[in-house]
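Work through the exercises below with the sequence and the 3D structure open. Try each task before reading its solution.

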Amino acid sequence: MHEVELSLVEMTLDVMKYAIHRITDRNPPLGSPITEKELRRLAGETITADGIGGERAFKLFRDVLVKTSAAIDHPRHLAFVPASPTRSAVLFDLVTSASSVHGAFWLEGAGCIFAENEAMRWIVSLTGLPPGAFGVFTSGGTEANLSAMVTAREDWRRRDAARARTRGIILTSDGAHSSVKAMAKVIDVDVVVIDTDGKLTGSKVTEAVESLTPEDRSRVFAVVATAGTTNAGIIDDLAGIGRFCRSQKIWFHVDAAYGGGALAAPSVRHLFEGIESADSITIDPHKWLFSPYDCGAVVYREPELARAAHAQEAAYLEFFYDEAVRGFNPSDYQIQLTRRVRGLPLWFSLARHGTRRYEQAIERGIELARIASQMISETPGLELVREPGLSCVLFRRIGWAAKDYRDWSFRNYKAGFALVAPTKWRWGGGEPETVARFCFINPDTTEKDIADILATMK
Ligand SMILES: *Cc1c(COP(=O)(O)O)cnc(C)c1O
């Protein structure tokens with residue numbers, strides 16, 4: 001037994017040494033994927049009756065497994081929505097795990113949930129929602145959207161018993177994130193996708209509803225707008241859509257999973273005008289609020305409606321609702337029951353740095369997008385597809401077809417140099433065009449990084 005304890009200490013030191021190195025490394029190897037077959041060959045059998053030992057397993061992780069996984073916080077990882085968790089937040093993610101706290105109920109997680117809620121209070125303050133509004137951390141934007149849509153649907157049914165078996169309809173736009181459609185499938189509701197040239201407006205929503213049959217119109221229970229489309233960073237006309245939803249008593253959800261961080265950026269805050277009229281808002285701290293995976297958030301204008309939709313009942317759960325220590329139960333406001341206190345890393349990092357540092361780091365992402373678009377405009381052979389939206393830049397290499405973008409992306413990725421993926425952009429009813437895309441989150445990305453990537457498009 002004594003021997004086992006000693007080797008645990010050694011192993012912990014070894015693992016911690018790696019963790020310290022990785023947390024402080026501002027230029028980690030990008031990593032590059034290989035096939036499962038190759039990994040199988042390199043890894044051998046890892047799960048055996050007697051175990052292969054911590055040392056061997058960790059060596060395998062360090063030397064093979066993590067190297068064939070992309071470092072999403074690499075400064076030249078500009079694909080999809082990258083991430084850039086603060087060192088403090090990553091460090092505290094380790095502490096969150098080490099502390100073994102159950103984050104579902106106040107009765108067990110009181111102090112840690114309190115801290116999580118401190119961070120949430122700041123997020124809520126960014127939205128401009130009225131007093132009483134509050135939120136909860138989720139596994140990500142998908143779960144946040146799902147939790148909000150369930151709350152909306154339950155509220156709609158609660159207001160009229162005749163709707164108990166009516167299949168609902170959600171309206172959203174072609175710029176909405178794929179998770180909106182996917183989650184509509186989960187809750188078995190129909191989705192009407194409104195065609196836009198990027199931005200959904202109040203009048204487009206009005207038109208779309210008016211063009212429905214009276215029966216379908218009575219099935220509409222929610223509109224999902226996007227505040228920072230994942231593809232292009234476009235913010236819908238939140239004020240106009242909000243006004244329409246209020247007049248029709250339709251739930252207004254704003255999906256700001258990616259863009260929500262920019263609520264803290266004074267230079268673009270005005271673009272979100274109207275977000276304060278939302279019934280619910282999704283914001284992913286693991287995107288633009290520098291939290292490690294996975295950490296999303298959903299904020300409700302009236303949290304009580306979420307509780308009515310999500311609180312679970314069971315004989316063995318009653319104890320958690322005892323009056324002895326009553327408090328905020330995160331599990332009452334979203335679909336997950338047992339959960340880690342996933343807002344803790346954000347709390348620690350915010351507490352350490354203060355909110356101003358966050359504002360500055362988010363502004364830097366927006367500034368990098370402006371810098372990149374300037375460079376693109378000045379580079380012969382390259383041109384902007386549109387002005388940057390938040391921190392997303394779409395641009396083309398004149399003369400390139402879809403295959404050229406694909407080959408270019410993989411060349412840079414396989415070389416361990418950069419991960420920049422192509423996307424598609426479509427004007428009005430036109431054919432989608434394959435273009436290149438940058439999304440800036442990481443404040444450590446440099447102007448040289450951008451220039452070096454653009455230079456690979458020659
Ligand atoms: C990323 C994103 C999502 C999905 O969030 P996950 O955290 O990946 O589940 C939803 N909506 C928008 C607008 C996003 O950018």
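The model is predicted, so local features need pLDDT of at least 70 and side-chain atom pairs count only at pLDDT 80 or more, while totals for chains, interfaces and linings use all residues. Residues are numbered from 1 along each chain as its sequence is written, and side-chain values use heavy atoms, with hydrogens and water left out.

**Exercise 1.** State how many salt bridges a search of the whole structure finds, and describe the one between Asp93 and Arg340.

Solution. 
- Step 1: Take the definition: a side-chain nitrogen of Lys or Arg lies within 4 Å of a carboxyl oxygen of Asp or Glu.
- Step 2: The search of the whole structure gives 29 salt bridges.
- Step 3: In the pair Asp93 and Arg340, the closest N and O atoms are 2.9 Å apart.
- Step 4: This pair links distant parts of the chain, 247 residues apart: Asp93 is in helix H4 (87-99), and Arg340 is in the loop between helix H12 (303-310) and helix H13 (344-353). Helices (H or I, at least four residues) and strands (E, at least two) are DSSP runs, numbered from the N terminus.
- Step 5: Arg340 is partly exposed because its relative accessibility is 27%; buried means under 20% relative accessible area, exposed over 50%, and partly exposed in between (1.4 Å probe, protein chains only).

**Exercise 2.** Asp452 and Lys448 form a salt bridge; find how they are placed in helix H16 and classify the exposure of each.

Solution. 
- Step 1: The N to O distance is 2.8 Å.
- Step 2: Both residues lie in helix H16 (447-455), and they are about one helical turn apart because four residues separate them.
- Step 3: Asp452, at 26%, is partly exposed, whereas Lys448, at 56%, is exposed.

**Exercise 3.** Give the strand order of the open sheet and name its edge strands.

Solution. 
- Step 1: Two strands pair if DSSP finds at least two bridges between them.
- Step 2: Seven strands follow the order S1-S7-S6-S5-S4-S2-S3, with mixed pairing.
- Step 3: Strand S1 (134-138) and strand S3 (190-194) are the edges, as each pairs on one side only.
- Step 4: Inside the sheet, strand S5 (251-255) and strand S6 (280-283) are parallel and share three bridges. His253 has Ser280 as its bridge partner in S6.
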